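Subject: Handover of a structure and notes on its contents

Dear colleague,

Please find the structure below, followed by an account of what was found in it. I would be grateful if you would read the notes with the structure open beside them.

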Amino acid sequence: MNVVEIVFSPTGGTEKVANIIGGHWSSNAVRIDLSDSKIDFAKCNIEKDDMVLIATPSFGGRAPAVAIERLKQIRGNGAKCTLVC
């Protein structure tokens, strides 16, 4: 089982929150940065027994569209996750 942090944080604020929460889960979490347009998110694979933290900012009650589009490319394989917005 791995701890996976999937974070979209263009200004760094959401990343700080994700680090605090994820740091309580594991000191060696795998980080997927949704802010990095160079990553091929379709190659990111999460195992069913992984613990996943998804953290994005909220603008007007919605997560940024670019973050959602990139998140859709990641195969979650039925893993449970915690959302932070």
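Is Arg31 buried, partly exposed or exposed? Arg31 counts as partly exposed, because its relative accessibility is 33%; buried means under 20% relative accessible area, exposed over 50%, and partly exposed in between, with a 1.4 Å probe and protein chains only.

Two remarks on the source are needed before the findings. This is a predicted model, in which local features need pLDDT of at least 70 and side-chain atom pairs count only at pLDDT 80 or more, while totals for chains, interfaces and linings use all residues. Residues are numbered from 1 along each chain as its sequence is written, and side-chain values use heavy atoms, with hydrogens and water left out.

Salt bridges

A salt bridge is a side-chain nitrogen of Lys or Arg within 4 Å of a carboxyl oxygen of Asp or Glu. By this rule the model has three salt bridges. In one of them, the side chains of Arg31 and Glu5 meet at 2.6 Å, N to O. This pair links distant parts of the chain, with Arg31 in strand E2 (residues 30-33) and Glu5 in strand E1, 26 residues apart. Helices (H or I, at least four residues) and strands (E, at least two) are DSSP runs, numbered from the N terminus. Glu5 is buried, because its relative accessible area is 5%.

Arg31 also forms a salt bridge with Glu15, where the closest N and O atoms are 3.1 Å apart. Here too distant parts of the chain are linked: Arg31 belongs to strand E2 and Glu15 to helix H1 (residues 13-25), 16 residues apart. Glu15 counts as partly exposed, at 32% relative accessibility.

Glu69 and Lys72 form a salt bridge as well, with the closest N and O atoms 3.4 Å apart. These two residues are separated by about one helical turn, because they are three residues apart in helix H2. Glu69 counts as partly exposed at 45% relative accessibility, whereas Lys72 counts as exposed at 60%. Salt bridges that share partners join Glu5, Glu15 and Arg31 into one network.

Nonpolar cores and a surface patch

A nonpolar core is a set of buried Ala, Val, Leu, Ile, Met, Phe, Trp, Tyr and Cys residues joined through side-chain atoms within 4.5 Å. The largest one here has 12 residues, among them Val4, Ile6, Ile46, Val52 and Ile74. Strand E1 (3-7) and strand E3 (51-55) each supply at least two residues of this core. Apart from it lies another core, of five residues, including Val7, Ala18, Leu53 and Val84.

Contact means heavy atoms within 4.5 Å. Not counting residues up to four places away in sequence, Ile46 touches Val4, Ile6, Val52, Ile74, Arg75, Gly76, Asn77 and Ala79.

Which residues make the nonpolar surface patch? Met1, Trp25 and Met51 make this patch of about 300 Å². Patches consist of residues with over 30% relative accessible area and no salt bridge; like charges are joined within 9 Å, and nonpolar side chains (Val, Leu, Ile, Met, Phe, Trp, Tyr) within 5 Å. Accessible areas come from the Shrake-Rupley method with a 1.4 Å probe; for residues, only the protein chains shown count as cover. Met51 is found in strand E3 and counts as partly exposed at 30% relative accessibility.

Two loop residues

Most residues other than glycine have a negative phi. Asn77, although not a glycine, has a positive phi of about 55 degrees. Asn77 lies in the loop between helix H2 (65-72) and strand E4 (81-84), and is partly exposed, with a relative accessible area of 41%.

Thr56 lies in the loop between E3 and H2. Thr56 counts as buried, because its relative accessibility is 9%. Beyond residues up to four places away in sequence, Thr56 touches Phe8, Thr14, Ala63, Pro64, Ala67, Val84 and Cys85.

Cysteines

The structure holds zero disulfides, a disulfide being a pair of cysteine sulfur atoms within 2.5 Å. For Cys44, the nearest cysteine sulfur is that of Cys81, 15 Å away. Cys44 counts as buried at 14% relative accessibility.

Yours sincerely
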